[in-house]
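Reader: I'm new to this one. Could you walk me through it, one question at a time?

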Number of protein chains: 2
Amino acid sequence: MKLNRIIANAGEWLSGDGPHRQVVVSSRIRLARNLARTPFPGWAKRAERLHTLELLRPAVESLPEMRESYAQNLTELTALERQVLVERHLISREHAAKGAGSAVVMNVEQTLSFMINEEDHLRMQGIRCGLQLHETYAMVDQCDTELAECLEFAYHDDLGYLTACPTNVGTGMRASAMLHLPGLVMSEQINKIINSVNKIGLAVRGLHGEGTEAMGNLFQVSNQTTLGESEPQIIERLNEVILHIIEHEENSRQQLLEKRPAMVLDQIGRAFGILCHAHSMTSKEALNLLSILKLGVDLEIFPNSDAAPSRATIDELFIETQPAHLQKGAQGQKMTAEARDALRATLIRAKLNSLPPPDTAKVPLPEVSKQTDDE
Amino acid sequence: MKLNRIIANAGEWLSGDGPHRQVVVSSRIRLARNLARTPFPGWAKRAERLHTLELLRPAVESLPEMRESYAQNLTELTALERQVLVERHLISREHAAKGAGSAVVMNVEQTLSFMINEEDHLRMQGIRCGLQLHETYAMVDQCDTELAECLEFAYHDDLGYLTACPTNVGTGMRASAMLHLPGLVMSEQINKIINSVNKIGLAVRGLHGEGTEAMGNLFQVSNQTTLGESEPQIIERLNEVILHIIEHEENSRQQLLEKRPAMVLDQIGRAFGILCHAHSMTSKEALNLLSILKLGVDLEIFPNSDAAPSRATIDELFIETQPAHLQKGAQGQKMTAEARDALRATLIRAKLNSLPPPDTAKVPLPEVSKQTDDE
């Protein structure tokens with residue numbers, strides 16, 4: 001299967017439906033595994049990395065879950081193609097920078113994506129739409145069990161799974177959810193929430209993980225510790241915290257709509273107006289405006305019509321307007337940042353332009369006097 | 001005639017047509033005159049100011065140019081009504097603050113507006129659409145001649161007309177034009193132009209005269225000196241400078257369109273999108289966005305259609321969205337700034353919403369690659 005066929009469709013987590021979809025974009029589980037008695041990729045010589053690849057790639061490809069799959073050594077992909085996979089959250093930024101011995105294997109639904117010779121020998125990722133941490137874990141856990149039948153993973157009776165970085169030792173698991181929190185950002189409660197989540201030992205990060213800025217009101221919440229608790233315990237704790245955040249987010253959206261309806265309608269109207277009529281847009285601005293538009297859809301501010309912007313349209317634009325996705329569409333011509341910004345605006349206009357604007361009648365605004373010709 | 005009947009229509013300078021209308025919004029001539037042997041309004045006692053009013057108001061009202069006119073003592077107008085007249089440039093901010101003895105007389109076309117007991121006993125203003133300084137002067141000069149037949153103005157053989165402030169002594173004339181200069185602002189050449197205009201003894205000011213900020217890319221250019229030159233000489237010098245500024249402005253618009261078409265189209269598209277979809281807007285933002293929209297009309301970027309935004313629609317919005325005009329429409333209810341911002345956005349949406357957006361085909365953009373599904 002070719003990369004283009006994979007990326008022609010949005011992954012299941014983008015196009016599908018899942019619980020708490022209004023706030024939770026996706027749930028992810030990543031398990032880190034390493035082969036016993038084999039140097040970690042960062043310490044391994046080229047030949048050792050290639051040997052790891054020879055062992056792992058066929059094992060992963062023969063998983064029943066990978067019956068229809070896409071597998072590729074990273075050296076066979078251009079820098080641009082790797083960047084497309086990063087933008088789809090199918091490989092990590094670190095993995096995209098790797099050379100000989102590194103590979104990716106993913107199923108056609110893009111719910112499973114396994115990286116070979118990233119920081120660890122094998123990183124198994126499951127990603128699903130909405131809040132489905134338990135379900136996603138079950139999916140990845142099943143693959144782990146199947147692989148363990150033919151591979152020997154580095155395991156220590158006291159510590160658990162051994163990993164290249166000590167912060168992953170134990171379960172080797174990172175569970176995370178991507179949350180869309182425009183309500184908490186608009187009502188300026190987001191920092192309070194981030195602080196409390198940090199205090200109970202969970203991490204909150206921006207769109208592309210550690211060290212990245214929060215754009216488009218998207219925040220990734222994940223476990224920090226991998227030792228001392230079982231996988232289901234870690235996931236259950238994370239799940240409960242996320243349910244709390246969802247409640248806070250939905251409360252702030254409701255509060256905003258009740259107490260500052262004009263501001264909310266204004267923000268959504270402006271985002272819609274700019275997206276429909278701009279002719280140049282950076283990816284950062286696009287993310288931020290699409291986030292506000294998505295809030296408008298969630299709040300049902302757009303007319304009840306098939307023509308109104310749908311969550312799916314907006315989610316697709318979130319992905320398609322990223323730099324590598326745009327560049328990929330340019331048929332091999334190297335685009336300047338300026339040309340990308342123009343193409344991004346053109347794509348967005350094409351998708352949104354014929355859509356009806358927000359419907360004022362849907363927001364209970366205080367009465368405003370109309371202009372009259374009283375004499 | 002009632003004030004409401006006057007302000008129900010836009011003045012001739014707003015709704016009419018005149019030379020160089022793409023850059024010159026209006027031309028104004030103001031003559032300051034004082035009665036001989038009578039204290040200036042600032043030094044006069046109340047009874048003396050009332051006496052001046054009794055002398056001047058009937059004289060002005062009986063001018064043939066004022067056959068159809070509106071005359072009002074300022075004490076009979078509310079603060080809001082005076083502010084409406086200021087926003088229409090029919091009286092000055094200073095005049096609006098005056099009390100007993102002050103009055104205004106204007107013709108129904110709003111091309112002539114005479115202030116009684118402003119800083120001087122009489123200030124005669126003519127205002128016309130586009131660049132018509134000579135024509136406007138002729139109109140006001142005629143009134144001056146007619147009034148001089150029945151009134152004795154304070155005049156000194158060496159100095160000329162005597163005025164309350166020495167900066168007006170001589171001709172007592174201030175000639176000015178309101179210029180719309182978005183091209184010079186966008187291309188960052190405006191400060192250079194302002195500096196050279198200042199150097200040759202002319203003044204450049206913001207929308208509401210001295211000490212006001214330049215908003216909506218509107219600049220008022222006027223003579224500084226009133227001594228040593230005849231009125232036609234002063235006007236001719238000003239006229240020539242303005243013709244030069246017009247040339248610079250039109251050059252920068254052409255340059256922007258040729259060298260940065262994407263930026264221009266983007267700015268106009270965004271202004272259009274925000275104006276059509278915002279639900280709250282300050283008067284400053286409205287002025288600035290309407291200015292960009294007007295540039296789009298001047299550059300003929302909108303489709304050739306009756307439905308496209310016209311210069312007249314935009315010029316009307318410039319006036320109607322000002323605070324006092326909005327408040328005037330609210331049937332006596334005192335509006336909060338927030339309610340005004342909401343009403344302003346509603347008015348603008350109502351006028352612009354059904355209009356077609358800028359037409360990309362009208363701007364020669366460099367070719368941008370389209371997204372394809374190449375495999």
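Author: Happy to. This is a predicted model, where local features need pLDDT of at least 70, side-chain atom pairs count only at pLDDT 80 or more, and totals for chains, interfaces and linings use all residues. Residues are numbered from 1 along each chain as its sequence is written, chains are lettered from A and ligands numbered from 1 in the order in which they are written, and side-chain values use heavy atoms, leaving out hydrogens and water.

Reader: How many aromatic pairs does the structure hold over all chains?

Author: Rings of Phe, Tyr and Trp (its six-membered ring) pair if their centres lie within 6.5 Å. Over all chains, the number of aromatic pairs is six.

Reader: What kind of pair do A:Phe40 and A:Trp43 form?

Author: Planes under 30 degrees apart count as stacked, over 60 as edge-to-face and the rest as tilted. For A:Phe40 and A:Trp43 the centres are 5.9 Å apart and the planes make 55°, so this pair is tilted.

Reader: And is A:Trp43 buried or exposed?

Author: Buried means under 20% relative accessible area, exposed over 50%, and partly exposed in between (1.4 Å probe, protein chains only). A:Phe40 has 22%, so it is partly exposed. A:Trp43 has a relative accessible area of 61%, which means it is exposed.

Reader: Where does B:Ser102 lie, and is it buried or exposed?

Author: B:Ser102 lies in the loop between helix 5 (93-96) and strand 3 (103-107) of chain B; helices (H or I, at least four residues) and strands (E, at least two) are DSSP runs, numbered from the N terminus. Contact means heavy atoms within 4.5 Å, and leaving aside residues up to four places away in sequence, B:Ser102 touches B:Asn73, B:Leu74, B:His95, B:Ile116 and B:Asn117. Its relative accessibility is 2%, so B:Ser102 counts as buried.

Reader: Which residue lies over the face of A:Tyr161?

Author: A charge sits over a ring if NZ of Lys or CZ of Arg is within 6 Å of the ring centre and within 35 degrees of the ring normal. Here the distance from the ring centre is 3.5 Å, and the residue is A:Arg33.

Reader: How do helix 12 and helix 14 of chain B run, roughly parallel or roughly antiparallel?

Author: Axes are lines fitted to C-alpha atoms, for helices over the stretch in contact, and angles run from 0 to 180 degrees between N-to-C directions. Under 35 degrees counts as roughly parallel, over 145 as roughly antiparallel, 65 to 115 as roughly perpendicular and the rest as oblique. The axes of helix 12 and helix 14 (residues 337-352) of chain B come within 11 Å and cross at roughly 170°. That makes helix 12 of chain B, relative to helix 14 of chain B, roughly antiparallel.
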